[in-house]
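Thanks for coming, everyone. Please have a look at the model on the screen before I start.

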Amino acid sequence: MVRSFTGSTVLRLALVATAAASLAACQSKPKPTYPTTAAPPPAPSTELPPSTGSVSGQPTAPLPGSAQDFVVNVGDRVYFDTDRHDIREDARPLLAAQTEWLRRYPSVVVRIEGNADERGTREYNLALGARRANSVRDFLVSQGVTASRISTISFGKEQPIDPGSGEDAWQKNRNAHTAIVSGAR
Amino acid sequence: MIKSRVQSRDPIAALLFSLLCAITALALAHPARAEIEVNVNRGDVQPLPIAVPGFGGGQMGADISQVISANLQRSGLFRPLDPASFVEKGLTANVQPRFGDWKTINAQALVNGQVTVEGGKLRVDFRLWDVFAEQQLLGLQFTASPESWRKVAHKISDAVYERLTGEKGYFDTRVVFVAESGSRLNPVKRLAIMDQDGANPSYLTSGDSIVMTPRFSSNSQEVTYMSLRPDSSTIYILNLETARRESLGTFPGMVFAPRFSPDGGKVVFSVERGGNSDIYVMNLSSRTSTRLTTDPSIDTSGSFSPDGSRIVFNSDRAGSPQLYVMGADGSGPRRISSGSGRYTTPVWSPTGEFIAFTKQTGGEFHIGVMRADGSDERLLTSSYLDEGPTWAPNGRVLMFSRETPGGPPKLWSVDVTGRILQPMPYPGAGSDPAWSPLLN
């Protein structure tokens with residue numbers, strides 16, 4: 001259960017790194033597999049193998065409407081100032097893009113998870129994280145996303161995304177994360 | 001030197017009082033009386049030299065006296081002497097000590113005892129002596145099952161502490177806390193309980209959800225705490241005897257920050273809805289809850305006064321988190337914190353006299369105390385992150401959690417004078433301690 005808290009964070013990194021692999025896996029799913037006999041191992045050779053040309057790989061674009069699409073092409077996290085919960089100017093374009101995406105995929109249900117940095121006490125930070133989650137919810141609703149598609153929760157300071165101690169880490173940990181609960185492709 | 005009950009109690013009690021009031025000048029100006037002055041040095045408490053030789057009766061006797069010695073030492077009010085310096089050896093509880101032998105090592109007090117195990121029962125006899133007055137101050141006998149030997153040692157510690165300071169002890173108590181493991185990015189938090197000296201730690205939850213902020217009921221039989229899952233939070237009441245766990249119920253938003261009322265019949269807690277956190281109280285027998293605050297600010301961390309008539313809480317209704325006191329029915333909220341900085345996690349002391357809190361100022365965290373009307377604020381600690389004080393049942397010591405940058409939280413304690421600051425004996429990572437009342 002604890003693992004699933006950070007699942008989305010881990011997922012995000014993993015998905016970016018292995019999007020190509022997972023897409024390939026998805027596409028190959030319907031293919032039936034047949035039992036095969038193992039190829040004999042290559043006979044040892046004293047000659048150097050011929051040089052092979054280098055191949056570079058990069059992730060395939062995420063499937064539109066997927067959670068990967070949301071994370072990679074829209075962005076799932078906005079940040080806040082110390083002890084504030086008002087939506088910053090620099091967060092508005094991202095939240096506008098989240099709104100647009102949620103309109104395009106109306107079956108998607110999301111949970112906004114509010115987070116706080118470690119420079120506060122546990123209970124106050126739970127309340128502060130809840131305020132942040134609700135600021136994002138209110139923004140999305142004001143832009144036309146149906147309120148019933150959005151739930152909120154606060155993790156307070158319990159789920160940092162940066163383990164460091166310093167303003168850089170604290171800034172990252174003051175955020176609201178839009179997690180897709182269901183309905184994505 | 002302790003000469004008699006009156007003279008042994010008054011100097012320490014008077015000194016504690018003067019420290020509490022931070023009137024060190026008075027202590028300095030106090031005319032020195034030869035026998036008393038040994039406890040007092042320029043306004044500081046000089047720990048009382050005390051000898052606790054191994055109780056007779058084999059290994060258990062030695063173990064019991066070690067637990068007593070460690071308790072007294074940690075209180076900061078006593079200085080147990082090195083057993084290697086003892087002149088009289090093999091002292092049992094049934095003979096009078098050779099006082100001269102104890103005077104030569106300047107032991108002001110002496111605790112000796114005898115352990116016998118008969119018919120599956122443990123019996124411990126002990127005596128407390130005023131060495132220089134050559135008088136017995138206390139003689140008691142405890143019987144228990146042999147596996148309860150540590151509890152007996154804590155009972156004896158409490159008896160010695162009370163006889164010599166005039167205040168109730170706090171050694172036969174337990175601490176419920178959150179044992180932490182895993183990494184910062186993937187923490188595992190389990191509810192745990194241990195004796196106040198770190199012994200007998202055991203887990204109460206499995207770690208499959210994040211738990212925080214446990215608190216004892218006044219009978220020490222129940223603990224209320226909050227559990228946080230990816231999509232919800234729940235307040236539980238866990239019965240430590242039966243292991244039965246019940247939820248406070250389902251609410252429209254998050255629930256957090258639970259504390260029992262002094263009579264155990266209610267729980268005050270916070271409910272968040274639409275980003276607004278308010279304080280509620282639930283009557284546990286009728287299961288009805290009442291909203292106590294309606295301000296559109298953060299209202300949380302409610303804590304009852306020991307008589308149950310008032311609640312101190314944390315609110316940022318004035319712009320930054322500050323401490324407020326209201327009636328237990330939510331009436332007449334009044335701000336009590338007045339200094340600069342952010343005040344959170346108020347906890348009313350068991351005596352009703354003080355409120356402990358966490359304060360943030362100047363980039364540091366502090367544990368502090370103030371009187372219930374907000375006067376006489378004193379900061380007892382200062383560090384990168386100190387948080388969440390809890391009172392020992394006699395109101396003399398606070399436990400809290402301390403973090404260094406990037407490090408795991410550890411349990412620490414500090415006395416109300418701020419003089420005796422030390423890590424708790426529990427070696428692991430822990431946070432959110434809550435001290436039990438004195439056990440039976």
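A word on the ground rules. This is a predicted model, where local features need pLDDT of at least 70, side-chain atom pairs count only at pLDDT 80 or more, and totals for chains, interfaces and linings use all residues. Residues are numbered from 1 along each chain as its sequence is written, while chains are lettered from A and ligands numbered from 1 in the order in which they are written.

Chain A, then. How many helices and strands does chain A have? Five helices and four strands. Both kinds of element are DSSP runs, numbered from the N terminus: helices are H or I with at least four residues, strands are E with at least two. Starting at the N terminus, the order is α-α-β-α-β-α-β-α-β.

Of the 185 residues in chain A, 39% are buried. Buried means 20 or more other C-beta atoms within 10 Å of the residue's own; exposed means 12 or fewer; partly exposed is in between, and the C-beta atoms are placed from the backbone. Now contacts. Two residues are in contact if their C-beta atoms, placed from the backbone, lie within 7 Å. Take the contacts in chain A with a separation of 6 or more: 75% of them join residues 24 or more positions apart.

Next, where the chains meet. Chain A puts in 27 residues and chain B puts in 36. On the chain B side, several strands supply at least two residues each, among them β9 (187-195), β12 (222-229) and β27 (385-391). That side has 14 nonpolar, 16 polar and six charged residues. For those classes, Ala, Val, Leu, Ile, Met, Phe, Trp, Tyr, Cys and Pro are nonpolar, Asp, Glu, Lys and Arg are charged, and the others, Gly among them, are polar.

On to the core. A nonpolar core is a set of buried Ala, Val, Leu, Ile, Met, Phe, Trp, Tyr and Cys residues joined through C-beta atoms within 7 Å. The largest one here has 133 residues, and B:Ile50, B:Ala109, B:Phe269 and B:Ile355 have the most contacts inside it. Which element gives the most to this core? α4(A), with nine residues. Beyond four places in sequence, B:Ile50 touches residues including B:Leu72, B:Phe78 and B:Ala109.

Helix pairs now. In chain A, α3 (residues 92-104) and α4 (residues 122-142) have axes that come within 9 Å and cross at roughly 55 degrees. So α3(A) is oblique to α4(A). Axes are lines fitted to C-alpha atoms, for helices over the stretch in contact, with angles from 0 to 180 degrees between N-to-C directions. Under 35 degrees is roughly parallel, over 145 roughly antiparallel, 65 to 115 roughly perpendicular, and the rest oblique. A:Leu95, A:Gln98, A:Thr99 and A:Leu102 of α3(A) meet A:Val136, A:Phe139 and A:Leu140 of α4(A). By class, that is five nonpolar, two polar and no charged.

Helices α3 (residues 59-75) and α5 (residues 149-165) of chain B pack at about 45 degrees, axes 9 Å apart. That makes α3(B) oblique to α5(B) as well. Their contact includes B:Val67 and B:Ile68 of α3(B) and B:Trp149 and B:Val160 of α5(B).

Now some backbone angles. Most residues other than glycine have a negative phi. B:Ser220 has a positive one, near 65 degrees. B:Ser220 sits in the loop between β11 and β12 of chain B. B:Ser301, in strand β19 of chain B, has a positive phi near 55 degrees. Is B:Ser301 buried or exposed? Buried, because 33 C-beta neighbours lie inside 10 Å. B:Ser220 has 19, so that residue counts as partly exposed.

Two last stops. B:Ala84 lies in the loop between β4 (78-80) and α4 (99-103) of chain B. Finally, A:Arg185 comes in the segment after β4 (175-182) of chain A. Setting aside neighbours within four places in sequence, A:Arg185 is in contact with A:Leu63, A:Gly65 and A:Ser66.
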